[in-house]
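Colleague: Could you go through a couple of the helices with me? I'd like to know how they sit in the fold.

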Amino acid sequence: MYPKIAAQLYTVRNLCKTPENTLHTFKRLQQIGFETVQVSAICPMPAQQLKDICDETGMHICVTHTAFDRILEDTDAVIADHKLWNCRYIGLGSMPEEFRCEGGVDAFYKKVITAARKIRDAGLLFCYHNHRFEFERFGGQTMLERMDELFAADELGFILDTHWIQAGGASPAKVIAQFAHRTPIVHLKDTQIVSDTRRYAAVGEGNLDWDAIFAVCKETGVEYYPIEQDDCYGRDPVDCLKASFEFAAKELY
């Protein structure tokens with residue numbers, strides 16, 4: 001078993017439309033060898049019910065993607081949910097569109113810093129998951145670099161996504177090394193080219209330099225590796241996660 005390799009549930013979101021479906025999917029993931037999940041895009045359910053599903057299947061929630069409005073407006077409840085799940089990392093899946101512009105990161109900081117510090121003071125960490133737009137430069141800086149300047153490491157962690165870093169024109173290994181001081185989590189997501197179009201792929205079936213990525217992850221002490229594939233193009237997403245898990249486990253351990 002490899003508890004640090006997690007299943008990003010966004011991959012299997014269409015198999016988690018009800019609590020019953022979610023339990024069945026967790027059991028399938030357990031059979032592959034997953035012991036850890038990232039909660040994202042599954043059906044709404046009470047926090048205790050999700051904990052019960054985790055307890056029944058032996059799963060641990062390592063990080064979530066939580067709605068921005070909930071993080072801002074219902075911070076105490078979000079903290080309580082994560083403590084119930086024994087989950088330290090409260091993730092934001094993407095920057096709201098209003099902040100994706102020049103000066104946007106500064107406005108984002110002002111908007112979220114009170115919640116981020118409340119999360120920190122509760123012993124948890126607010127984390128940000130990147131896409132490719134964060135690599136647009138404003139004043140010579142990428143948005144990730146500006147976030148790194150504004151937030152202390154205990155106010156904001158990064159969930160760095162290998163696919164989106166590559167799509168943004170950067171080196172995943174170099175970016176992980178650059179922000180190692182605030183990156184406890186790396187999304188393992190591959191990229192392949194089909195008919196001259198960039199597509200998602202199971203980890204190890206695409207074109208990313210996994211030797212370099214895994215080497216820097218080990219060197220910098222990444223804690224969790226959620227595997228994600230946004231689109232499986234008709235293939236069973238659990239089968240895609242299985243292929244990715246087997247590749248990552250062989251390379252990491």
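Colleague: What should the 18 residues of helix α5 span at 1.5 Å a residue, and how far apart are its end C-alpha atoms?

Modeller: This is a predicted model, and in it α5 covers residues 104-121, which should span 26 Å, while the end C-alpha atoms are 25 Å apart, so the two agree.

Colleague: Where is the kink in α5 centred?

Modeller: The kink is centred on V112 and amounts to about 50°, and V112 is itself one of the buried residues of α5, among them also F108, Y109, I113 and I119.

Colleague: What do the buried residues of α5 pack against?

Modeller: They pack against the helices α3 (68-73), α4 (75-84) and α6 (143-150), and against the strands β4 (89-92) and β5 (125-129). Just after the helix, G123 takes a positive phi of about 90°.

Colleague: Switching to α9, which of its residues are buried?

Modeller: In α9, which runs over residues 210-220, the buried ones are W210, I213, F214, V216 and C217. Seen down the helix axis they fall within an arc of 165°, so they line one face of α9.

Colleague: And which exposed residues does the face turned away from the buried side carry?

Modeller: That face of α9 carries D211 and E219. The buried residues of α9, for their part, pack against α7 (162-167), α8 (172-178) and α10 (237-252), as well as against the strands β9 (185-187), β10 (190-194) and β12 (225-227).

Colleague: What follows α9?

Modeller: The helix is followed by G221, whose phi is positive, near 80°.

How values were computed
Residues numbered from 1 in each chain as written. Predicted model: local features only at pLDDT ≥ 70, side-chain atom pairs only at ≥ 80, totals over all residues. Heavy atoms only, no water. Buried < 20%, exposed > 50% of the residue type's maximum accessible area, 1.4 Å probe, protein only. Helix = DSSP H or I, 4+ residues; strand = E, 2+ residues; numbered from the N terminus. Arc of directions from axis to C-beta. Contact = heavy atoms within 4.5 Å. Expected span 1.5 Å × (residues − 1). Bend = angle between axes of the 7 residues up to and from the residue.
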